[in-house]
Amino acid sequence: MQFVIEHLSKHFEKREVLRDINFTFTEGKIYGLLGRNGAGKTTLFNCLNRDIKTDGGQFFLEDNDARREVKAENIGYVLSTPTVPEFLTGREFLKFFLEINASSVQNLKTIDEYFDFMHIDPQDRDKLLKDYSHGMKNKMQMLVNIIANPEILLLDEPLTSLDVVVAEEMKQLLRSLKGGRITIFSTHIMDLALDLCDEIVLLHRGELEAVDRTNLGDQSFKDRILAALREEEDA
Amino acid sequence: MRKTLWISFSLKNTYRVNGILYSLKQIPLLKRLLPQALYRVRGLKVFANVLSGIWEVLSAFLGKFIYFITMVIGIGVLYDRVAPGAVFLHILLFLTAIGAFLNTHLFNPTRDKYYAIVLMRMDARAYTLINYGYAIIKTIVGFLPFCIGFGLQKNVPLGVCLLLPFFVAGAKLTVSAVSLWRYEKGNRAYNENQLGKWQWLVVGALLAAAYAPPAFGITVPSFVIVPVMLLFVLTGAAAIPKILNFAHYRAVQQQLLAQMLNQMDQAGNLAQQQTRKTISTDVRITSRKKGFAYLNDLFIKRHQKILWKASVRIAAVCLFLLAGLLLVFYLEPEIRTKINGLLLTSLPYFVFIMYALNRGTGFTRALFINCDHSLLTYSFYKQPQMVLQLFAIRLREIIKINLLPAAVIGGGLAVLLYASGGTDNALHYLVLIVSILCMSIFFSVHYLTIYYLLQPYNAGTEMKSGTYQIVLSATYIVCFCMMNLQMPTLLFGILCIAFCVLYCCVACVLIYRFAPKTFRLRS
């Protein structure tokens with residue numbers, strides 16, 4: 001399976017944020033999306049998730065040359081600030097989610113099994129989500145996206161504000177989940193991207209560009225990325 | 001000195017101008033017309049500068065004019081037992097005492113002070129003093145014409161009229177100097193926007209002193225007032241050196257501005273916090289329903305405080321009022337015909353009442369902040385059939401919540417009509433009840449529809465849609481204007497019912513066509 005973006009563009013008033021995005025993502029890999037502040041990473045995600053209208057271009061899934069449209073259920077989107085419905089308890093949120101998606105969830109487990117999987121303590125499971133810590137909210141959001149089992153998982157700076165333990169748990173989790181799906185992970189922390197991702201993609205000047213890693217040590221790879229991102233200033 | 005004054009002026013002006021341009025940009029139609037580089041366009045800048053200049057002049061005079069017209073003259077004419085001049089001076093004396101510490105300017109932390117002193121690192125003492133001096137002069141100049149005009153009209157001697165503005169300025173200067181002196185003695189800096197309990201009590205006492213005694217024909221005699229005024233002019237003059245030589249303006253301003261920033265941050269989150277607080281933490285709340293009905297059921301149950309409880313409370317108050325009116329009918333039979341007449345002509349009035357009682361806006365705000373704000377980031381929640389399914393459940397629920405008080409009011413009006421002598425046409429009773437119910441349904445549908453079609457919030461729960469606010473204001477204005485409409489109840493009721501039915505049909509069609517696309521987070 002491949003996720004293909006063709007000629008995607010988006011502007012806000014006169015500013016072109018996404019110019020002419022052409023890229024093909026392949027299943028089974030974690031892509032690290034690097035870009036400078038304001039480069040348009042979140043805009044790209046919002047376009048792919050159809051939260052905002054694009055100006056032009058298309059994106060679709062392709063298996064063995066058969067194209068199909070990307071539907072809402074094909075995409076999971078985890079935001080940098082976790083958003084969970086404050087008035088529900090963790091258990092209620094999960095119950096509601098499982099009921100709504102009953103027809104599409106595979107290998108249904110019990111609610112407590114899901115909590116165990118995510119390392120959420122039993123005493124926290126029946127607390128209102130508004131009283132959850134940042135890390136726990138993040139886990140809930142991730143959990144729901146994992147259960148939905150989308151083919152494309154968009155992660156917008158998901159590990160930036162987590163404590164070291166939770167961040168490590170999440171990294172392990174993402175690695176274990178990458179089979180059979182395309183994971184696109186936006187960050188501006190280069191070491192995190194190098195550590196976790198199979199491919200590095202730069203978003204600069206409104207375009208996506210893969211960085212070739214062959215025959216490069218870590219340091220020279222970093223230098224190449226920095227050089228590419230700096231070009232923007234000189235252009 | 002001229003330079004400091006000039007810089008502080010242009011600073012204040014720049015952000016005022018940008019504020020005007022920003023608000024112009026919020027109006028839907030203008031938004032398209034205005035260029036993106038709006039803040040650079042010269043013509044617009046000049047226009048906004050003119051507005052800003054007009055505002056500077058207006059604020060010097062208009063504020064004082066309104067103050068005199070309402071607080072001094074307006075209330076003053078109510079007292080017919082004392083000479084107008086005496087009342088005029090009496091009220092001014094006490095109000096000036098309040099203004100002296102409620103409106104010092106020196107201890108009023110504002111944004112422009114923050115920008116100048118903290119961000120731009122201007123000299124705090126020079127900046128404070130020059131702006132303070134300007135404010136005091138503005139006070140004197142602003143007061144002078146109205147003191148003379150209104151004073152002479154009330155037969156106050158010209159000399160006293162001329163003394164008044166200086167008395168006001170003197171009182172402010174005196175309070176400022178005392179506050180500075182207290183600060184030097186180790187007290188916290190005085191912040192006129194954060195008064196304590198005792199200060200409010202003093203304000204209350206002074207207000208009472210200003211307005212209560214004249215009602216009984218008592219005023220402070222002018223042989224006391226004039227010396228007091230003179231005294232404050234003198235103390236004010238004596239205060240000037242203290243104010244000029246005070247050494248710690250930077251520290252005082254830092255303290256005040258820190259408090260203000262704190263307040264501003266809180267204000268931003270306040271709506272969100274308030275709404276979060278409405279979530280009930282009662283652990284016994286559960287639901288046996290499934291799927292979206294489960295979600296909605298828990299939402300309604302955990303928001304009892306702003307939904308059902310509020311609705312029941314309103315219904316109870318209405319019942320109580322009904323009982324009260326029935327009692328009045330019994331005690332004062334003559335009033336019945338009057339009320340009967342009113343009931344047959346003033347149904348339009350109830351549009352506004354139903355508007356005011358509707359829980360719709362609170363419901364949609366809580367819906368967004370506590371529920372949709374987060375769930376809209378999940379793709380399953382945005383699937384068209386899901387959006388519509390939940391809309392239907394929510395609509396049913398909010399209609400139910402609002403119908404309770406509506407039923408009490410509608411039924412109550414019918415009972416009142418009957419008790420006040422009844423009517424020949426029995427249709428009246430039916431129309432009264434049905435039209436009130438329809439109004440209630442209309443508002444419920446209206447709020448939920450515009451919420452789904454215009455979804456005005458962004459992920460940070462800020463209101464981003466100008467159109468949404470315009471629709472809300474228009475709703476208010478229309479309902480308000482209805483109060484002036486005089487129309488036979490039967491006619492208005494039938495028109496009202498027809499309109500509500502039509503509106504609901506149109507709204508539902510629009511929702512089914514557009515909501516799956518429009519019900520998104522704004523970016």
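Biologist: Which residue of chain A forms a salt bridge with Lys290(B)?

Modeller: This is a predicted model, in which local features need pLDDT of at least 70, side-chain atom pairs count only at pLDDT 80 or more, and totals for chains, interfaces and linings use all residues; side-chain values use heavy atoms, with hydrogens and water left out. Residues are numbered from 1 along each chain as its sequence is written, while chains are lettered from A and ligands numbered from 1 in the order in which they are written. A salt bridge is a side-chain nitrogen of Lys or Arg within 4 Å of a carboxyl oxygen of Asp or Glu. For Lys290(B), the closest N and O atoms of the pair are 3.5 Å apart, and the partner is Glu99(A).

Biologist: How many salt bridges does the rule find across the interface of chain B and chain A?

Modeller: Over all chains, the structure holds 27 salt bridges. Across the interface of chain B and chain A, the number found is two.

Biologist: Which element gives the most residues to the side of chain B that touches chain A?

Modeller: Nine residue pairs, both at pLDDT 80 or more, are in polar contact between the chains; such a contact is a pair of N or O atoms within 3.5 Å, where within protein one must be able to donate a hydrogen and the other to accept it, and residues adjacent in sequence count only if both atoms are side-chain atoms. Helices (H or I, at least four residues) and strands (E, at least two) are DSSP runs, numbered from the N terminus. The elements giving two or more residues to this side are α11 (291-302) and α15 (360-375) of chain B. With seven residues, the one that gives the most is α11(B).

Biologist: How much area do chain B and chain A bury between them?

Modeller: With contact meaning heavy atoms within 4.5 Å, 33 residues of chain B meet 33 residues of chain A. Buried area is the accessible area (1.4 Å probe) that two parts lose on being put together, summed over both. Carbon and sulfur atoms hold 59% of it, and the total is about 2,800 Å².

Biologist: Which residues of chain B does Phe93(A) touch, leaving out residues up to four places away in sequence?

Modeller: Within chain A, the contacts of Phe93(A) include Val84(A), Leu129(A) and Met140(A).

Biologist: Is Arg125(A) buried or exposed?

Modeller: The side chains of Arg125(A) and Asp116(A) meet in a salt bridge, 2.6 Å from N to O. Asp116(A), at 47% relative accessibility, counts as partly exposed. Arg125(A) has a relative accessible area of 5%, so Arg125(A) is buried.

Biologist: What is the relative accessible area of Asp297(B)?

Modeller: Asp297(B) forms a salt bridge with Lys289(B), whose closest atom pair, N and O, is 4.0 Å apart. Lys289(B) is partly exposed, at 43%. Asp297(B) is buried, and its relative accessible area is 14%.

Biologist: Which residue is joined to His446(B) by a polar contact between side chains?

Modeller: His446(B) lies in helix α17 (residues 427-454) of chain B. This histidine is buried, with a relative accessible area of 7%. Not counting residues up to four places away in sequence, His446(B) touches Val471(B), Thr475(B) and Tyr503(B). The polar contact spans 3.0 Å, and the partner is Thr475(B).

Biologist: What is the phi of Asp65(A)?

Modeller: Most residues other than glycine have a negative phi. Asp65(A) is found in the loop between β4 (56-63) and β5 (66-69) of chain A, and is exposed, with a relative accessible area of 69%. Its phi is positive, near 70°.

How values were computed. Buried < 20%, exposed > 50% of the residue type's maximum accessible area, 1.4 Å probe, protein only.
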